[in-house]
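Please look over the model below before reading my notes. They are meant for someone who has not seen it before.

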Amino acid sequence: MLKPNTPVSGPHRADHLLIAEMVEPGSRVLDVGCGDGALLQLLADTKNADGRGVELSRERVNACVMRGLSVIQGDADRDLADYPDRAFDYAILSLTIQATRHPKTVLENLLRIGRRAIVSFPNFGHWRIRADLLFTGRMPQTANLPDTWYASPNGHLCTIKDFDDLAALLNADVEEAVAFNSSGKRLPIRHSLSLQNLLGEKAVFLLRQRT
Amino acid sequence: MSTHPTVTGIDTDTGRNLRLAEANSPSSKVLRLPESEPLRLACDQLLAPISIAYETYGELNADKSNAILVCHALTADQYAASQHPVTKKPGWWSTIIGPGKPVDTNRYFVICSNILGGCMGSTGPASIDPKTGSPYALNFPVITIGDMVNAQARLIDHLGIDQLFCVIGGSMGGMQVLEWAASHPERVFSAVPIATAAGHSSQNIAFHEVGRQAVMADPDWCGGDYHSHGKVPRNGLSVARMAAHITYLSEDALHRKFGRNLQERSKVTFSFNADFQVESYLRHQGSTFVDRFDANSYLYITRAMDYFDLANERGDILANAFRGTKTRFCVVSFTSDWLYPTRESREIVHALNAVAANVSFVEIDSDKGHDAFLLEEPEFFATVRGFLSAAGVKRGLKV
């Protein structure tokens with residue numbers, strides 16, 4: 001059990017640091033699938049954010065609340081519909097969208113609830129995954145995606161290009177797309193989605209619903 | 001050999017006199033509001049004069065920003081963290097309130113008042129009606145959770161507190177918390193409704209009706225006028241308590257505690273004596289309850305809970321109760337509570353989400369049923385401690 005109000009000490013997750021860079025100071029933030037609250041704590045500490053979390057695991061929710069974070073037990077697929085439009089400056093989904101049952105509906109809700117949505121996900125288009133599938137003929141297992149196909153919680157894996165397509169389908173502008181590798185290093189590629197898709201192990205997108 | 005469920009507790013006359021004394025001149029602090037300051041009740045009657053009996057723990061700070069109001073459940077009272085004057089037992093929430101405890105009296109000023117309609121010193125059916133010189137009994141008006149909260153607000157006014165740092169309570173106490181947050185939002189910085197619901201369920205109304213009918217079926221109830229007949233509806237009230245007590249526990253907890261164990265005998269006696277431990281336990285619960293509680297109070301308070309429905313008063317949309325709220329909420333439920341199941345807490349959370357309120361929600365894993373909120377559950381305590389500490393930082397309280 002975590003002690004109440006103990007700050008999360010580093011090292012921070014790479015995608016969390018990239019997400020934190022995208023968030024304006026003093027914002028209202030909803031973190032969907034907030035886990036142990038590390039991102040909420042990081043945003044509170046570094047961006048003075050007013051954060052809320054939703055988390056599926058009861059144990060993790062309770063640990064968050066004990067630490068003074070505002071978190072509820074809930075499900076991205078089921079509970080986002082409750083929230084009113086534009087209730088938050090940012091609705092964030094970090095490394096969770098691939099595990100939801102209805103990623104499109106979840107993303108629609110994020111774009112509706114937040115003035116902006118920030119989504120990070122593992123990139124299934126990375127060259128090593130492509131090569132794995134090509135040469136072994138089996139579902140790839142990498143450091144990023146270590147589970148077997150039958151034990152994996154990730155029912156909806158996608159590539160950076162796939163995600164970009166979904167954003168377009170939902171009428172969302174991509175304000176920023178950052179690909180990074182497993183050590184959290186941001187790739188120095190800005191303008192080629194194809195290269196990001198080939199070389200990025202994970203990605204973070206900053207989206208805004210077109211009005 | 002008695003087949004009545006009662007076991008002799010305190011001698012009847014002594015018990016009755018002690019209860020009537022506490023109902024009218026309590027051992028605790030008491031605020032007496034004069035005839036000129038009546039309370040307008042939901043039933044549209046004016047009630048005056050009014051007494052509000054209360055206890056406080058800890059010190060109110062200079063800017064009066066550290067006050068926590070503890071709201072009690074159906075049969076509890078203001079003695080949340082101090083010895084009960086009738087039973088001599090420690091306060092009903094003394095595990096959670098005190099120096100260094102989750103509701104830390106070194107940091108917070110804790111107030112707990114006996115509810116309107118209660119029988120431990122706040123105005124209720126056992127109080128002397130100044131117009132007649134005898135207890136109100138059934139002349140007492142039917143009150144609501146909202147009336148209880150409005151009476152508490154008078155006490156908070158009297159203590160000079162504009163905004164409570166927190167309002168916290170379980171079960172019917174949780175209903176008061178929700179009512180505070182809905183009706184006096186600017187006076188509630190944070191709110192912790194525990195093991196409760198925004199409206200009393202049909203099943204719960206049904207259980208209450210069983211209890212009330214048991215009281216009223218007792219000839220010693222005397223149509224509510226037992227005080228003037230020198231009687232106490234012991235059997236009726238104790239049956240009501242026995243039935244209610246079952247709803248506070250879980251099947252697992254009962255089974256673990258008693259199983260089918262026999263009470264001080266090796267085989268069943270082919271009689272209606274308390275052969276089973278669970279029977280003996282319930283009879284004891286019923287009997288000790290009668291020693292400390294007024295039967296008419298039980299009728300009035302259960303009625304107030306039945307009438308509670310926050311959404312109904314607001315176009316049947318619960319979210320309307322919390323629109324624009326700035327209060328920080330921490331909703332708590334327990335897995336084995338079937339009287340106020342997690343589903344009902346979740347409805348509160350959904351309504352709070354619909355207005356983008358600041359809300360935390362935890363479901364505590366416990367097999368102890370509804371009563372878990374009164375027991376030392378480490379995860380529950382850590383939640384309350386963590387939530388209050390974080391709210392305290394936002395409130396600017398010194399650590």
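This is a predicted model: local features need pLDDT of at least 70, side-chain atom pairs count only at pLDDT 80 or more; totals for chains, interfaces and linings use all residues.

1. Residues are numbered from 1 along each chain as its sequence is written, and chains are lettered from A in the order in which they are written.

2. In chain B, the axes of helix α4 (residues 202-217) and helix α5 (residues 234-248) come within 7 Å and cross at roughly 165°. α4(B) is therefore roughly antiparallel to α5(B), a term for angles over 145 degrees. Helices here are DSSP runs (H or I, at least four residues), and strands are E runs of at least two.

3. Where α4(B) meets α5(B), the residues include Phe207(B) and Val210(B) on the α4(B) side and Leu237(B) and Val239(B) on the α5(B) side. Contact requires C-beta atoms, placed from the backbone, within 7 Å. The residues of this contact are eleven nonpolar, three polar and no charged.

4. Between the chains, 19 residues from chain A and 20 residues from chain B take part in the contact. On the side of chain A, α3 (58-66) and β3 (70-73) each give two or more residues. The largest share, five residues, is from α3(A).

5. Ser389(B) sits in helix α10 (residues 378-395) of chain B. Why is Ser389(B) counted as partly exposed? Because Ser389(B) has 19 C-beta neighbours inside 10 Å, whereas buried takes 20 or more and exposed 12 or fewer. Its C-alpha atom is 9.0 Å from that of Pro102(B), 287 residues apart along the chain.

Notes: Two residues are in contact if their C-beta atoms, placed from the backbone, lie within 7 Å. Axes are lines fitted to C-alpha atoms, for helices over the stretch in contact, and angles run from 0 to 180 degrees between N-to-C directions. Angles under 35 degrees count as roughly parallel, over 145 as roughly antiparallel, 65 to 115 as roughly perpendicular and the rest as oblique. Ala, Val, Leu, Ile, Met, Phe, Trp, Tyr, Cys and Pro count as nonpolar, Asp, Glu, Lys and Arg as charged, and the others, Gly among them, as polar.
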